[in-house]
Amino acid sequence: MLKFSGIDEERLKASWVSSAEAPELVHEFDTFIEELRELGPSPLKVDYRKELA
Amino acid sequence: MIDSIKDKVKELLETGEIQGFLGLVRKNGHIAPHLFQKGEELRDMSLGDNIIAGDSRYPLNKYLMNIAKAYPEETFGVLVRGCDDRGLQALYTWNQLNPKKVLAVGITCPQDLADACECLQPYPENITAGDCAKAGAQKSVAAIDALVLSERFSYWMDEFVKCIKCYGCSNICPMCFCNECSLKCDDLVKSGELPPEIPVFHHTRAMHMVGRCVDCGLCEEACPSGIPLRTLYKKVGSIMDDKFDFKTGMIRGQRSPLNKIDSTEGKK
């Protein structure tokens with residue numbers, strides 16, 4: 001659905017991490033943040049509402 | 001077409017098989033929903049056009065739910081097209097209507113309507129009158145799939161930004177029967193802000209249409225801003241078909257795979 005709406009699906013990530021696996025969770029966060037940095041700012045950051053007014 | 005429907009309804013009313021028939025009536029030059037209870041009322045009956053299934057439509061299933069709630073012991077007849085029939089089937093599986101208390105009188109849609117709706121099944125399972133038209137070609141979803149990502153994004157955002165949050169789409173939707181709606185929850189969707197948060201507002205509704213949308217297209221017809229909602233939900237439907245072989249309302253008794261608990265599923 002995201003792809004259909006023109007949003008890069010790389011921007012959404014789902015991972016299963018147990019609450020007992022803190023290092024795993026941190027690793028997931030860190031790598032995802034890196035990936036997002038490479039993708040650049042989200043197109044959703046533009047305030048479409050203000051443009052209207 | 002309309003004469004055979006009138007005859008059928010008249011017969012059903014006279015034998016007492018149904019206590020009322022929910023259909024369309026032409027009154028003062030307008031077409032409106034009507035609960036027929038006497039044979040003579042059938043004179044002004046309409047099928048959405050003068051004699052055949054036309055493009056004046058109402059969510060008759062939705063009205064039927066209200067009527068059935070008020071008169072749970074009575075059996076009612078209802079005029080159905082392909083989309084209404086899918087809606088009825090879906091409502092049965094969601095326990096919103098009792099199939100024993102509903103008698104559907106089916107009509108088929110003409111080919112031009114089927115093409116305009118891109119309808120996958122422009123006829124109900126039990127047809128009282130009319131010939132089956134062929135399924136309409138699915139063009140609207142393909143047209144967006146053909147765009148590159150950034151074009152799709154600006155296409156949808158330009159559409160969504162027109163939303164005036166009138167809730168017309170959900171008010172007319174026969175599948176919107178929830179007592180509590182997350183889109184009407186003030187904590188999630190702030191009131192007094194226009195347009196609502198996009199695309200989240202429309203995506204939330206799209207997600208809730210998973211396994212529910214019967215592709216009747218009333219939402220898009222009702223939308224005063226002309227947002228191509230049907231295209232959005234058609235995509236939802238096609239994903240369900242691709243991934244789960246699920247066609248809402250088309251296969252009798254098929255339950256949505258997303259709210260089915262199957263203990264054998266994970267063991268395969």
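Reply: Happy to; the questions and answers below take the labels one at a time.

Me: How do you know how far to trust chain B?

Reply: This is a predicted model, so the predictor's own confidence is the place to start. The mean pLDDT of chain B is 87, and 96% of its residues reach 70 or more. For the complex, the predictor gives an ipTM of 0.73 and a pTM of 0.82.

Me: Why is K62(B) called buried?

Reply: The label needs 20 or more other C-beta atoms within 10 Å. K62(B) has 20 of them within 10 Å, so it counts as buried. This lysine lies in helix α2 of chain B, residues 60-70.

Me: What makes the length of helix α1 of chain B agree with expectation?

Reply: The expected span is 1.5 Å times one less than the number of residues. For the 14 residues of α1(B), residues 2-15, that gives 20 Å, and the end C-alpha atoms are 20 Å apart, so the two agree. Just after this helix, G16(B) takes a positive phi of about 80°.

Me: How do you know that the buried residues of α1(B) line one face?

Reply: The buried residues are I5(B), V9(B) and L13(B). Seen down the axis of α1(B), they fall within an arc of 65°, and therefore they line one face of the helix. An α-helix has 3.6 residues a turn, so residues three or four places apart point the same way. The buried residues of α1(B) pack against strands β1 (20-27), β2 (30-36), β4 (76-80) and β5 (102-106) of chain B. On the face turned away from that buried side sit the exposed residues D3(B), E11(B), E14(B) and T15(B).

Me: Why is helix α1 of chain A said to lie largely in the open?

Reply: Being buried takes at least 20 other C-beta atoms within 10 Å. Of the 18 residues of α1(A), the number buried is 0, so this helix lies largely in the open. Its length fits too: residues 22-39 should span 26 Å, and the end C-alpha atoms are 26 Å apart, which agrees. Just after α1(A), G40(A) takes a positive phi of about 90°.

Me: What makes up the contact between the two domains of chain B?

Reply: The domain assignment gives domain 1 (2-117) and domain 2 (140-254), and their C-alpha centres lie 26 Å apart. The contact takes 13 residues from domain 1 and 15 residues from domain 2. On the domain 1 side, the elements giving two or more residues are α2 and α3 (82-93) of chain B. The largest share of that side, 6 residues, comes from α3(B). By class, the domain 1 side divides into 5 nonpolar, 5 polar and 3 charged residues.

Me: And which element gives the most to the side of chain B that touches chain A?

Reply: The contact takes 17 residues from chain B and 10 residues from chain A. On the chain B side, α6 (149-160), α8 (200-208) and α10 (229-244) each give two or more residues, and α6(B) gives the most, with 8 residues. That side of chain B has 12 nonpolar, 2 polar and 3 charged residues.

Key
Residues numbered from 1 in each chain as written. Chains lettered and ligands numbered in written order. Predicted model: local features only at pLDDT ≥ 70, side-chain atom pairs only at ≥ 80, totals over all residues. Helix = DSSP H or I, 4+ residues; strand = E, 2+ residues; numbered from the N terminus. Buried ≥ 20, exposed ≤ 12 C-beta atoms within 10 Å, placed from the backbone. Domains from an automatic or database assignment. Contact = placed C-beta atoms within 7 Å. Nonpolar A, V, L, I, M, F, W, Y, C, P; charged D, E, K, R; others polar. Arc of directions from axis to C-beta. pLDDT = per-residue confidence, 0-100.
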